[in-house]
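Here's a quick briefing on a two-part model, grouped by topic. Have a look at the structure first, then read on.

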Amino acid sequence: MYSKNTELKNVSGLHARPASEFVSMAKTFESKVTVRRLDDEAAQPANAKSIIKILAQGLSVGTPIEIVADGPDEQEAVEKLFELVESKFGED
Amino acid sequence: MRILKGNPVSRGIALGKVYIYRAFKADVHESYFEAGKEDEYYKKFKDAVATAEKELATIVTSMSAESPEKAKIFTAHTEILMDEEVDEGVKEMIYESRAMPDYAVDEIFTDFANLLEKAKDPLIAARAADLRDVRNRVLRILKGEKESNLANLRENVIVVAHDLLPSDTATMDRNRVMGVITEIGGATSHTAILTRSYKIPSLLGVTDAVQIMKNGDNIVLDALAGKVLLDPEKEVIKEYQEKLVEFIKEERETSEYLDKIPLVASGERYSIGLNVGDTEPEDGYKYVDFVGLFRTEFLYMGSEYMPTEQEQFEAYKKVLANAMGNPVTLRTLDIGGDKTLRYMALPKEDNPFLGNRALRLCLDHMDMFKTQLRAALRASAFGEMKIMFPMVGTIDDIQAANAVVAAVKKELKAEGHAFDEKINVGIMIEVPSIGVIADLAAKEVDFASVGTNDLTQYLHAVDRMNPSITKYYQSISPSMLRILGRIFSDFNKAGKPISVCGELAGDDIGAVVLFGLGLRKFSMNAANIGRVKRTLSLFTLEETKEIASKAQNMSTEAEVIEFVKAEIEKRNL
């Protein structure tokens with residue numbers, strides 16, 4: 001198990017194009033990957049390979065999140081997704 | 001032979017077979033199968049998903065060249081379809097509860113749609129509609145029904161539907177659809193505007209059309225007189241074949257006027273403008289002096305997210321390039337009322353046409369408004385761009401909008417972006433309250449354009465989407481002519497350009513009267529250019545003035561129409 005915390009920095013948050021980029025990248029890894037929002041105690045980890053579950057999290061700009069992966073390529077998965085969030089998905 | 005009546009919104013005649021178009025309606029009940037058939041039913045589901053994936057891929061491929069924005073919607077549908085949580089959910093229901101595949105699909109998608117709908121972010125909540133759309137696709141395939149859209153027609157047909165959604169018309173095969181008949185919609189509805197620009201004869205507001213007609217029925221669509229003839233006799237068909245030939249001949253004659261210089265009989269020059277609503281290059285650009293109305297809604301309505309500044313900038317640049325150096329008047333976002341956005345949940349209003357729409361909405365959503373203005377201003381470095389605000393009711397509105405333009409200009413300058421610092425900024429005149437103080441408005445703006453459709457709607461208090469009151473929608477009534485005459489003279493006096501970009505400018509009768517009232521800038525769909533140039537060439541300035549002043553003093557719209565029509569026919573002989 002490997003995890004990292006970050007915060008969404010792109011204006012449109014994790015929906016539409018950014019959400020689908022995030023999910024597409026998660027799908028390239030074998031490990032089980034989840035995202036959990038840290039500002040809500042009751043929030044359950046959401047399957048990062050499911051566009052529906054990711055959208056349902058309602059992750060907007062400024063939301064703190066934890067990216068967790070468990071499996072053979074867990075570290076790489078978390079680092080790559082972390083970088084994608086940091087890059088603001090190419091938004092200005 | 002039975003005759004149905006309707007409102008002809010796009011002129012023409014069509015003879016042919018009926019194609020009933022209805023969106024698939026899912027009818028699912030809670031049902032289970034006996035033990036032992038789990039694999040069989042799961043495979044059924046997987047096969048349906050595979051078929052759906054193929055259908056979506058075909059749509060995406062066929063659309064991505066012509067309209068990449070629209071293709072994106074279907075790419076998003078594919079993602080939802082292939083979501084592993086959907087697969088797991090359905091699989092579990094089939095193997096654990098022995099739920100029939102259609103029941104399982106309905107349950108899982110509906111659960112997820114409800115989940116998304118609860119999201120606080122309206123953009124996410126709006127995605128629930130996509131889930132339901134994909135669910136319907138899978139359910140339809142499970143039921144063994146073929147895909148029903150207007151993209152893959154095998155023969156020439158006359159489409160009959162309750163209503164056509166923008167997504168239906170977006171995928172419509174223009175080469176196969178010879179005519180359109182719908183049960184609802186008025187002259188300025190989406191379907192009307194689209195069929196006119198495609199030159200497809202259409203008749204809207206035909207009550208119970210879908211119930212009365214059947215697939216394959218032979219009909220005559222007379223979108224000149226406003227009727228549909230069911231099961232026509234041989235003589236009638238023959239008569240209409242002749243009428244069709246005549247109509248085509250007449251169209252050809254008016255098309256000869258397309259590239260003539262717009263002059264009235266006494267030699268006065270006026271200007272013809274084009275109304276456009278997308279970035280497609282079209283022939284109309286060749287025959288006009290300006291683009292009087294560039295609607296920008298397509299960028300927002302065809303997208304699954306708020307269009308970015310860069311996307312808008314590219315689109316605006318493209319239209320400037322299409323205009324080949326002629327000025328382009330960009331109308332800022334005009335939604336609310338009959339147009340809504342899939343990713344922006346707007347509160348439901350009892351009276352959307354009197355609600356928070358167009359400029360009002362933009363002033364309420366400053367980020368969205370500024371993004372559009374930034375894109376428009378940046379594009380102004382690449383051609384003559386003008387900016388125009390819709391739904392202006394007061395001088396306050398103008399000042400508020402102008403202040404945002406000034407702020408955006410300052411931002412762009414600080415960031416070092418190039419733009420036209422002297423860009424012209426103007427308004428649509430479509431709310432009577434601004435029309436009656438046109439003299440004051442003229443001091444605040446560089447130009448104005450009258451939207452006669454909305455002006456009629458608001459002046460006459462007639463919901464233009466309501467087919468039962470179309471007779472009250474009188475766009476050339478004496479009241480309209482009086483307020484228009486005043487607006488034109490106020491602007492002409494102030495030396496500020498005034499144009500009309502509503503339907504009235506592209507109408508024969510309207511154009512003659514408007515010219516007489518002092519209008520010299522007429523903006524219209526490409527389909528009307530030849531006809532208007534030809535009609536106006538038959539009149540001298542003095543004659544139009546006399547006609548206009550007589551018309552303003554008539555008591556009813558019917559009298560105006562009858563009188564001007566006779567004047568045109570007299571000269572047509």
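How many helices and strands does chain B have? Chain B has 23 helices and 16 strands, where helices (H or I, at least four residues) and strands (E, at least two) are DSSP runs numbered from the N terminus. Keep in mind that this is a predicted model, in which local features need pLDDT of at least 70 and side-chain atom pairs count only at pLDDT 80 or more, while totals for chains, interfaces and linings use all residues. Residues are numbered from 1 along each chain as its sequence is written, and chains are lettered from A and ligands numbered from 1 in the order in which they are written.

**Chain A**

- Chain A comes with three helices and four strands, and along the sequence they follow the pattern β-α-β-β-α-β-α.
- The four strands form an open sheet in the order β1-β4-β2-β3 (chain A), with antiparallel pairing; two strands pair if DSSP finds at least two bridges between them.
- At the edges sit β1 (2–7) and β3 (46–47) of chain A, each pairing on one side only.
- β1(A) runs antiparallel to strand β4 (residues 64–70) of chain A, and six bridges join them; within that pairing, A:E7 stands opposite A:P64.
- Take the contacts in chain A between residues at least 6 apart in sequence: 72% of them join residues at least 24 apart. Here, contact means that the C-beta atoms, placed from the backbone, lie within 7 Å.

**Where A meets B**

- On the chain A side, 15 residues are in contact with 16 residues of chain B.
- The elements of chain A that give two or more residues to this side are α1 (16–27) and α2 (51–56), and α2(A) brings the largest share, five residues.
- By class, the chain A side has five nonpolar, seven polar and three charged residues. For that count, Ala, Val, Leu, Ile, Met, Phe, Trp, Tyr, Cys and Pro are nonpolar, Asp, Glu, Lys and Arg are charged, and the others, Gly among them, are polar.
- A:A16, in helix α1 of chain A, counts as buried because it has 21 C-beta neighbours inside 10 Å.
- Leaving aside neighbours within four places in sequence, A:A16 is in contact with B:E304 and B:Y305.
- A:A16 and A:I51 are 35 residues apart in sequence, and their C-alpha atoms are 9.5 Å apart in space.

**Strands of chain B**

- Buried residues make up 46% of the 573 residues in chain B. Among contacts in chain B with a separation of 6 or more, 69% involve residues 24 or more positions apart.
- Five of the six residues of strand β9 (residues 271–276) of chain B are buried, so β9(B) is largely enclosed by the rest of the structure.
- β9(B) pairs in the parallel sense with strand β16 (residues 521–524) of chain B over four bridges, with B:G273 opposite B:S523.
- β9(B) also pairs in the parallel sense with strand β10 (residues 290–295) of chain B, again over four bridges, and there B:V276 stands opposite B:F294.
- Strand β13 (residues 424–429) and strand β14 (residues 447–450) of chain B are a parallel pair with four bridges, and B:M428 has B:S449 as its bridge partner.
- β14(B) runs parallel to strand β15 (residues 498–500) of chain B through three bridges, where B:S449 stands opposite B:S499.

**Cores and a helix**

- A nonpolar core is a set of buried Ala, Val, Leu, Ile, Met, Phe, Trp, Tyr and Cys residues joined through C-beta atoms within 7 Å. The largest one has 160 residues, of which A:I54, B:I427, B:V513 and B:L514 touch the most other members.
- Domain 2 (38–142) and domain 3 (256–572) of chain B both give residues to this core, so it lies between them; the bounds come from an automatic or database domain assignment.
- A second, separate core of 32 residues includes B:V9, B:V180, B:I181 and B:L194.
- Helix α19 (residues 478–494) of chain B has 17 residues and reaches 24 Å from its first C-alpha to its last, close to the 24 Å expected at 1.5 Å a residue, with the expected span being 1.5 Å times one less than the number of residues.
- Buried residues in α19(B) include B:M480, B:L484 and B:F488, and just after α19(B), B:G495 takes a positive phi of about 70 degrees.

Terms used
Two residues are in contact if their C-beta atoms, placed from the backbone, lie within 7 Å. A residue is buried if 20 or more other C-beta atoms lie within 10 Å of its own, exposed if 12 or fewer, and partly exposed in between; C-beta atoms are placed from the backbone.
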